[in-house]
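Subject: Structure for you to look over

Dear colleague,

I am passing on the structure we spoke about, together with my reading of it. Please open it alongside this message, and tell me where your own reading departs from mine.

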Amino acid sequence: MVNLLNSIKALIVCAVTSGMYTLYTTTADFQAQLAREGQEVGKIEALMHYSTLTDVWSRMLYGWLQLFVICLISCYLLMLWLKSPAKIEHSATKI
């Protein structure tokens with residue numbers, strides 16, 4: 001059911017999910033780049049290394065908006081598809 005509270009929840013869930021996925025994929029890419037150069041480091045170390053060399057945020061946030069919009073649309077479609085329990089019980093009593 002789409003209402004204000006569920007819309008706020010969807011925005012928060014989509015922002016957190018998109019942000020965590022973006023952070024994971026970019027740090028994995030940084031780690032792979034350093035591995036190709038011969039340095040075996042962890043994801044956090046790779047992020048710290050690239051944060052001193054380049055503008056990391058522009059690289060990290062490059063695909064975040066597209067992912068956020070896809071996630072938000074899917075949340076709204078799921079909310080439209082699901083019915084509230086009150087409506088389900090009401091429609092079952094009519095049968």
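The protein chain, which is a predicted model, has five helices and zero strands, so described because runs of DSSP states define these elements, and from the N terminus on the order is α-α-α-α-α. Of the 95 residues in the chain, 21% are buried. Among the contacts with a separation of 6 or more, those between residues 24 or more positions apart account for 63%. The chain exposes about 7,200 Å², and carbon and sulfur atoms supply 70% of that area.

I turn next to the packing of two helices. The axes of helix α1, which covers residues 4–36, and helix α2, which covers residues 43–53, come within 8 Å and cross at roughly 80°; since angles of 65 to 115 degrees count as roughly perpendicular, α1 and α2 are therefore described as roughly perpendicular to each other. On the α1 side the contact is made by L23, Y24, T27, A28, F30, Q31, Q33 and L34, and on the α2 side by K43, A46, L47, H49 and Y50. Sorted by class, the residues in this contact of α1 with α2 are eight nonpolar, four polar and one charged.

The cysteines deserve a careful look. How many disulfides does the count come to? With a disulfide taken as a pair of cysteine sulfur atoms within 2.5 Å, the count comes to zero. C71 is in no disulfide, and the nearest cysteine sulfur, that of C14, is 3.1 Å away. For C75, too, the closest cysteine sulfur is in C14, and at 3.4 Å that sulfur is too far for a bond.

V2 lies in the segment before α1, whereas S7 has its place in helix α1. Is each of them buried or exposed, or something in between? S7 is buried, with a relative accessible area of 12%, while V2 is partly exposed, with a relative accessible area of 41%. Leaving aside residues up to four places away in sequence, S7 touches V2, Y76 and M79; with its neighbours within four places likewise set aside, V2 is in contact with S7, Y76, M79 and L80. V2 and L78, although 76 residues apart in sequence, are 9.5 Å apart in space, C-alpha to C-alpha.

Where is L61 found? L61 is in the loop between α3, residues 56–60, and α4, residues 64–81, and at 49% relative accessibility L61 counts as partly exposed. The C-alpha atoms of L61 and T22 are separated by 7.3 Å, although these residues are 39 residues apart along the chain.

Notes. Residues numbered from 1 in each chain as written. Predicted model: local features only at pLDDT ≥ 70, side-chain atom pairs only at ≥ 80, totals over all residues. Heavy atoms only, no water. Helix = DSSP H or I, 4+ residues; strand = E, 2+ residues; numbered from the N terminus. Buried < 20%, exposed > 50% of the residue type's maximum accessible area, 1.4 Å probe, protein only. Contact = heavy atoms within 4.5 Å. Areas by Shrake-Rupley, 256 points an atom, 1.4 Å probe, with all protein chains shown as cover. Axes fitted to C-alpha atoms, helices over the stretch in contact; angles between N-to-C directions. Parallel < 35°, antiparallel > 145°, perpendicular 65-115°, else oblique. Nonpolar A, V, L, I, M, F, W, Y, C, P; charged D, E, K, R; others polar.
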